[in-house]
Amino acid sequence: MSHTQVQWARGSTPQIGAYTGPIGELVLNTDDWSLQAQDGVTAGGWVMRPRLSVRTVTGTGAQSVGVTDDLIAWAPATPAATTFTLPASPRVGEAHAFKYLAASGNFSLTVAAPAGQTIDGLAAVAINTLYATVSVAYAGGNVWIVAGALPQSFALPGQGTAIAASLSAAGMSVTITGDAFAVATALNGASFVLPSFSHSFNGATTGAGGMDTGSLPVSGFVAIYAIYNPATQAAALLGTNGGTSCPTIYAGGHMPSGYTASGLIAVWPTNGSAQLVAAYLTGRKLTFAPVNAVNTASNNASPQSQSIAPFVPPNATSVGGLLINIMGTSPTAGNYQIEALSDVGAAIGRRQFVMPFPATSGALGVTPFEGLPVPTPQTLYYVNSASGTSPSSIISLTSYAW
């Protein structure tokens, strides 16, 4: 090739940083091969940066990222889940940014590393919020790093607004409604807010809208999850046996095909006929007909432990109910009490009912309580005192929250 060879002034980063050249001189940095324009005043001059190469993508599904794609603006006419796969042979320092401009729906824009490479240790990262952005840069060694913001907002899975359900008689199905409910692929994964939530659960079926597998448990608990398919925007409810664990994100092995996001929306008791019991759901609280967790004729001055596993699920954080004292035959007048406690420390989580009882057989005192913390799963403590022959001290549960 015939040409005239031209060499610019050149040097390493420290050398150029100590150099102040005349106005208009270009100096080549031999460390990163950038050009630095001199202004006659500033040591090192100014790094010349080209304009970003911006590409608008309206397609969905599998998309490739070109080496020259500095910024991809994703603006599909009809949104659907989309995955952008990064270049397979990147250079150190190569960077790509992505902007979410899908104005409707809750679809994911996923940025995937090529085979054998990772992004912050993961196979892919995703954004799903209008105007959210993410940028990644190649650090070498098959490692990409997130160099810019991920989603602008994150909805906590299992949280909702105006979540409610009503079942006036025991049955197999219930409809749960709400203004909105949040689900996610993991506790720190991609999250989605499902607006105008209204979905039904039928414990007599399996799959989306029913149990994940098998039947409703007998005299147990069913954990009900809101589930979501980002590719189709389909949402549903899914039940699983909640007798031993009710995590925020569905952890079973029977998620219906395509559904990748979930959030615990309710934990419902079942009766001896494997039906959902009559109850009301309001937010993260379930209210049901009174069930006696404690019914004793003995007086106990020190805290007694009582399992409430038949009545509340393992993830219950608080309970509510009634404190009841009934005097026996021929009682002695006096101040008698019943207390529900969170643990053996009587001053912690204390719900107390003390009443001056007359010397009247069968004298009855009742007071409601709410929000008793349950730090030990499915366990409460109590102390009580009554008088007469065969008195009764009762703690009746009517609600739990999680």
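Predicted model: local features only at pLDDT ≥ 70, side-chain atom pairs only at ≥ 80, totals over all residues.

Helices (H or I, at least four residues) and strands (E, at least two) are DSSP runs, numbered from the N terminus. Residues are numbered from 1 along each chain as its sequence is written, and side-chain values use heavy atoms, with hydrogens and water left out.

**Whole chain**

Show the C-alpha trace. Along the principal axes, the C-alpha atoms fill a box of roughly 120 × 50 × 30 Å. The radius of gyration, taken over C-alpha atoms, is compared with a globule rule of 2.2 Å times the number of residues to the power 0.38. The protein has 32 Å, whereas a compact globule of 402 residues would be near 21 Å.

Switch to a surface. Buried means under 20% relative accessible area, exposed over 50%, and partly exposed in between (1.4 Å probe, protein chains only). By that rule 45% of the 402 residues are buried.

**Nonpolar cores**

A nonpolar core is a set of buried Ala, Val, Leu, Ile, Met, Phe, Trp, Tyr and Cys residues joined through side-chain atoms within 4.5 Å. Select Ile176, Trp268 and Ile395: in the largest core, of 60 residues, these touch the most other members. Strand S19 (residues 221–229) gives the most to this core, with eight residues. Another core, of 21 residues, lies apart from it; Val57, Trp74, Ile119 and Tyr138 are among its members.

Centre on Ile395 next. Contact means heavy atoms within 4.5 Å. Leaving out residues up to four places away in sequence, Ile395 touches residues including Val291, Leu322, Ile338, Phe369 and Tyr382.

**Tyr225**

Which strand holds Tyr225? Tyr225 is found in strand S19. Its relative accessible area is 1%, so Tyr225 is buried. Beyond four places in sequence, the contacts of Tyr225 include Leu237, Cys246, Pro247, Tyr250 and Ile265.

Now display the backbone of Pro247. A polar contact is a pair of N or O atoms within 3.5 Å; within protein, one must be able to donate a hydrogen and the other to accept it, and residues adjacent in sequence count only if both atoms are side-chain atoms. A polar atom of the Tyr225 side chain lies 2.6 Å from the backbone oxygen of Pro247.

**Aromatic pairs**

Rings of Phe, Tyr and Trp (its six-membered ring) pair if their centres lie within 6.5 Å; planes under 30 degrees apart count as stacked, over 60 as edge-to-face and the rest as tilted. The whole structure has 10 aromatic pairs. Select Phe181 and Phe197: their ring centres are 5.9 Å apart and their planes at 55°, so the pair is tilted. Phe181 lies in strand S17 (residues 173–184) and Phe197 in strand S18 (residues 191–202), so the pair ties together parts 16 residues apart in sequence. Both Phe181 and Phe197 are buried.

Move to Tyr336 and Phe357, a tilted pair with 6.3 Å centre to centre and 55° between the planes. Here Tyr336 is in strand S26 (residues 334–341) and Phe357 in strand S27 (residues 351–357), 21 residues apart. Tyr336 counts as buried at 14% relative accessibility, and Phe357 is buried at 3%.

For the last stop, select Phe221, Phe288, Tyr400 and Trp402, which ring pairs link into a cluster.
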